[in-house]
Amino acid sequence: KETIYTEGSYPTGIFFLQKGKVKAYKSNEFGKEYITDLYKEGDFFGYVDLLQGVPYQDSVVALEDAEIAIIPKDDFFNLLQGSRDVSSKFIKMLSNEIKEREDRLLQLAYNSVRKRVAEALVMLVNRYQNDHSKPFSMAITREDIASIVGTATETVIRTLSDFKEEQLVDMKGSLITVLNYDRLAKMRN
């Protein structure tokens, strides 16, 4: 749960996640979180605000033990200017990030809570495990799932209980195991 950077602070470099999982989130004036992104081993983060020259638009916190490398601002800009391949990679990452956020906004606007919780679980599997045929387990709080889905924690708890009865997931404390990826992925509104 260690904070890597906070909304409103100024970027001094970009981050590379060598090990672990971290979340990026925004908070409203009442302190309610909305998770804007989840990062896994091998991901860069914090570069959008650095490229724009603005304070961080979100906060980033470790979800579990993590190892993070920091690339100082000057080194990053020198690398971008000196390598067309590196520049192309970051342009591609930026465009993918925009597409993912647009998709999530559409889901928030038009999908039922049940479908959004299913999509959040599918997103976790896709983000952190390559083999969808095996059960996927992750320790994640119900509050974090609610922050991904954009709903109340109590609603997520009820929905996860329904999913458990339907044998789509199993739960032990904060550990959630996705048992049936295909049914969650195909869930209808």
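How do strand β3 (residues 22–27) and β6 pair, and over how many bridges? The two strands pair in the antiparallel sense, over 4 bridges; pairing here requires that DSSP finds at least two bridges between two strands. The structure is a predicted model, so local features need pLDDT of at least 70 and side-chain atom pairs count only at pLDDT 80 or more, whereas totals for chains, interfaces and linings use all residues. Residues are numbered from 1 along each chain as its sequence is written, and side-chain values use heavy atoms, with hydrogens and water left out.

The chain has 7 helices and 10 strands, where helices (H or I, at least four residues) and strands (E, at least two) are DSSP runs numbered from the N terminus. Its radius of gyration is 17 Å, close to the 16 Å that the globule rule gives for 189 residues, so the chain is as compact as a globular protein of that length. That radius is taken over C-alpha atoms, and the globule rule is 2.2 Å times the number of residues to the power 0.38. Along its principal axes, the C-alpha trace spans about 55 × 40 × 30 Å. Buried residues make up 41% of the 189 residues; buried means under 20% relative accessible area, exposed over 50%, and partly exposed in between (1.4 Å probe, protein chains only). Of the contacts with a separation of 6 or more, 69% come from residues 24 or more positions apart, a contact being heavy atoms within 4.5 Å.

Strand β8 (residues 136–139) pairs with β10 in the antiparallel sense over 4 bridges, and Ser137 has Thr177 as its bridge partner. Strand β9 (residues 169–172) is also joined to β10 by 4 bridges, again running antiparallel, with Met171 bridged to Ile176. The hairpin of β9 and β10 has 2 residues between the strands, and there Gly173 takes a positive phi near 65°.

Another positive phi is found at Gln167, a residue other than glycine, with a value near 60°. Most residues other than glycine have a negative phi. Gln167 lies in the loop between α6 (153–165) and β9, and because its relative accessibility is 61%, Gln167 counts as exposed.

Attention can now turn to the spaces in the model. On a 1 Å grid over the protein atoms alone, a cavity is a set of points where a 1.4 Å probe fits but cannot get out, and a pocket is an open set with protein on both sides within 12 Å along at least five of seven lines; lining residues have an atom within 4 Å of a point. Grid points are joined across faces, edges and corners, and a volume is the space filled by probe spheres set on the points.

The largest pocket holds about 430 Å³ of space. It is lined by 20 residues, and the closest to its centre are Glu100, Arg104, Gln107, Glu119 and Met123. At least two lining residues come from each of β4 (33–39), α3 (84–110), α4 (113–128) and α5 (142–149). By class, this lining has 8 nonpolar, 3 polar and 9 charged residues (Ala, Val, Leu, Ile, Met, Phe, Trp, Tyr, Cys and Pro count as nonpolar, Asp, Glu, Lys and Arg as charged, and the others, Gly among them, as polar).

The second largest pocket holds about 350 Å³. Its lining has 14 residues, with Asp43, Phe44, Tyr47, Met93 and Glu100 nearest the centre. Helix α3 gives the most to this lining, with 5 residues, and the classes divide into 4 nonpolar, 3 polar and 7 charged.

The count of cavities of 30 Å³ or more comes to 1. The largest cavity holds about 30 Å³ and is lined by Leu121, Leu124, Phe136, Met138, Ile140, Ile176 and Val178. This lining comprises 7 nonpolar residues, no polar and no charged, and α4, β8 and β10 each supply at least two of its residues.
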